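User: Please examine the ligand site and the pockets of the structure shown here, taking each point in turn.

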Amino acid sequence: MPVVRGKLIEPLFTPEMIAERNRTMAVEIAANPKKDLLVISILKGSFIFAADLIRALHDAGLAPEVEFITLSSYGKGTQSQGVKIIKDIDSDVGDRDILLIDDILESGRTLRFARDLMYERGARNVDIAVLLDKRSRREGTLDADYVGFVCPDYFVVGYGMDVAYAFRELPFVGIVKGDA
Ligand code: IMP
Ligand code: MG
C-alpha cells in the first residue's frame, strides 16, 4: 500500500481507471446537443477532475467556455446547514446550457445550491457531472447526470480532494488508513 508522508493510503480508483472513465463520460456528455455550453468547476475539490474532463470533452468534439465558482458549506452536523459563495463566476448564464463539475456528490447540498442558483440566473439547462457519488449519504433527491464512480462511504483523498488541506496532489483517489 502506498505510504505518503507517513500515512498509509489505500488506492480506490487508479489514474488509469479515472482516465478511462473520463473519456467515456465525455463521450456521453457530447452525445447530447448543447447550446452555448458553459462548464463550471466547483472549487476547490474538482480542479483536477475538471481539468481532465474538459480536455476529454475537447477530444469528444465539444468547445465549452470554462468558469470556476468557489463554494463552501457551513454548519456541518448542525441545524443551520447551508452553502455560501466564496468566489462567484464572471460569465452570464442566461439561456445557456451549463455543466456543473464537482468532485463528490454526498448529501447533495452543494450541487443543489449551485444548480438552483444557475436556474435562478436564467440558465437553459443545468447538468451535473461528478467524479464520485456517495449515494448512501444523500439527503433528499438529487442525482448527477454523469457519474464517474459510485463511491463507498469512506473519506477519500487525492485527485484534487483533501483532508485538512493535504493530499490534493495525489494522482489516484484513495482512503487514508492511518499511520504507516
Ligand atoms: P455535499 O454538499 O454533502 O454533497 O458534499 C459534497 C462536498 O463535500 C464535495 O464537494 C467535497 O468537497 C466534500 N467531500 C465530501 N466527501 C468527501 C471526501 O470523502 N473527501 C474529500 N471531500 C469530501
Ligand atoms: Mg467540493
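User: Which polar side-chain atom lies 2.6 Å from a nitrogen atom of ligand 1?

Analyst: This is a predicted model, in which local features need pLDDT of at least 70, side-chain atom pairs count only at pLDDT 80 or more, and totals for chains, interfaces and linings use all residues. Residues are numbered from 1 along each chain as its sequence is written, chains are lettered from A and ligands numbered from 1 in the order in which they are written, and side-chain values use heavy atoms, with hydrogens and water left out. A polar contact here is a pair of N or O atoms within 3.5 Å. The atom that lies 2.6 Å from a nitrogen atom of ligand 1 belongs to the side chain of Glu106.

User: How much of ligand 1 does the protein bury?

Analyst: Accessible areas come from the Shrake-Rupley method with a 1.4 Å probe. Taken alone, ligand 1 exposes 500 Å². The share of that area buried by the protein is 87%.

User: What is the volume of the largest pocket?

Analyst: On a 1 Å grid over the protein atoms alone, a pocket is an open set of points where a 1.4 Å probe fits, with protein on both sides within 12 Å along at least five of seven lines, and lining residues have an atom within 4 Å of a point. The space taken by ligand 1 is the largest pocket, where a molecule sits in a pocket if more than half of its atoms lie within 2 Å of its grid points. The volume, which is the space filled by probe spheres set on the points, is about 930 Å³.

User: Which residues of the lining are closest to the centre of the largest pocket?

Analyst: The lining divides into 12 nonpolar, nine polar and 12 charged residues. Of the 33 residues that line this pocket, the closest to its centre are Ser73, Lys76, Asp103, Thr110 and Asp162.

User: Which helix gives the most to the lining of the second largest pocket?

Analyst: This pocket has a volume of about 160 Å³. Helix H1 (15-30) and helix H2 (47-59) each supply at least two residues of its lining, helices being DSSP runs (H or I) of at least four residues. With five residues, the most is given by H1.

User: Where does Tyr159, a residue with a positive phi, lie?

Analyst: Most residues other than glycine have a negative phi. Tyr159 is not a glycine, yet its phi is about 50°. Its place is the loop between strand S9 (156-157) and strand S10 (173-179).

Notes. Polar contact = N/O pair within 3.5 Å; in protein donor to acceptor, adjacent residues only side chain to side chain. Nonpolar A, V, L, I, M, F, W, Y, C, P; charged D, E, K, R; others polar.
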